[in-house]
Amino acid sequence: MKKPTWDEYFMELAEVVKRRADCLSRQIGCLLVKDLRIMATGYNGTPHGIVDCSKGGCDRCQKRHRGELKSGEQEESCVCIHAEQNAIIQAAYLGLSSKGSTLFSTSNPCSSCAKMLINAGIVRVVCKMEHHDKEGIELLKKAGVKVEIK
């Protein structure tokens, strides 16, 4: 068996983290890594203490799942947190600085998450290209964040 590279290893772990996601539309997993150490993980879903998305915790997701809303409509009413946001929040909750870290994600970040990643000091993003919002990648590049699509 061939030993995976560090990037392969962390991307495989992001796929495992993704399995915790409870979004009705898309499951995303990610991890923040610094000095080859995992700082935090994140997956998309409702905040702690809120009923899971699949069990009715987010009205917007339920409406979208039933076909009452199109992708991108009424995003402000969604209570779910993106995987990247959860990873940054988890690192902060644990008192860890994300400055100088790398984000490994099963999807490219949306533009909102890209802004957060930039301001959280992430210097590299390794991701798959799956999200419809391609502006996030451009924002990261403009800010000097190294982006690698796997």
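**Entry 1: ground rules.** I count two strands as paired if DSSP finds at least two bridges between them. Helices (H or I, at least four residues) and strands (E, at least two) are DSSP runs, and I number them from the N terminus. The model is predicted, so I kept to a rule: local features need pLDDT of at least 70 and side-chain atom pairs count only at pLDDT 80 or more, while totals for chains, interfaces and linings use all residues. Residues are numbered from 1 along each chain as its sequence is written, and side-chain values use heavy atoms, with hydrogens and water left out.

**Entry 2: the sheet.** I began with E1 and E3, which pair in the antiparallel sense over four bridges. Within this pairing, I found Leu 103 of E3 as the bridge partner of Leu 32. On the other pairing I looked up, strand E1 (residues 29-34) runs antiparallel to strand E2 (residues 37-43), and six bridges join them. There, Gly 29 has Tyr 43 in E2 as its bridge partner.

What is the order of the strands in the sheet? I read E2-E1-E3-E4-E5, an open sheet of five strands with mixed pairing. E2 and strand E5 (146-149) are the edge strands, each pairing on one side only. On average, neighbouring strands are turned by 15 degrees against each other, direction ignored. For such angles, axes are lines fitted to C-alpha atoms, for helices over the stretch in contact, and angles run from 0 to 180 degrees between N-to-C directions.

**Entry 3: a helix on the sheet.** Which strands does helix H3 (residues 83-93) touch? H3 packs on the sheet with contacts to E1, E2 and E3, and its direction makes about 135 degrees with that of E2. Contact here means heavy atoms within 4.5 Å. I also checked Ala 92, which sits in H3. Ala 92 is exposed, because its relative accessible area is 54%; the classes are buried under 20%, exposed over 50% and partly exposed in between (1.4 Å probe, protein chains only). From Ala 92 to Ala 14, 78 residues apart along the chain, I noted a C-alpha separation of 19 Å.

**Entry 4: Thr 102.** Is Thr 102 buried or exposed? Thr 102 is buried, because its relative accessibility is 11%. Thr 102 belongs to strand E3 (residues 102-105). Leaving aside residues up to four places away in sequence, Thr 102 touches Leu 31, Leu 32, Val 33, Arg 124 and Val 126.

**Entry 5: the hairpin.** Two residues lie between the strands in the hairpin of E1 and E2. Asp 35 has a positive phi near 55 degrees, and Leu 36 has a positive phi near 60 degrees. Asp 35 counts as exposed, because its relative accessibility is 64%. Leu 36 is partly exposed at 43%.

**Entry 6: a surface patch.** Which residues make the nonpolar surface patch of about 310 Å²? I found Trp 6, Tyr 9 and Leu 36. Leu 36 comes from the loop between E1 and E2, while Tyr 9 is in helix H1 (residues 6-18) and is partly exposed at 36%.

My patch rule takes residues with over 30% relative accessible area and no salt bridge, joining like charges within 9 Å and nonpolar side chains (Val, Leu, Ile, Met, Phe, Trp, Tyr) within 5 Å. A salt bridge is a side-chain nitrogen of Lys or Arg within 4 Å of a carboxyl oxygen of Asp or Glu. Accessible areas come from the Shrake-Rupley method with a 1.4 Å probe, and for residues only the protein chains shown count as cover.
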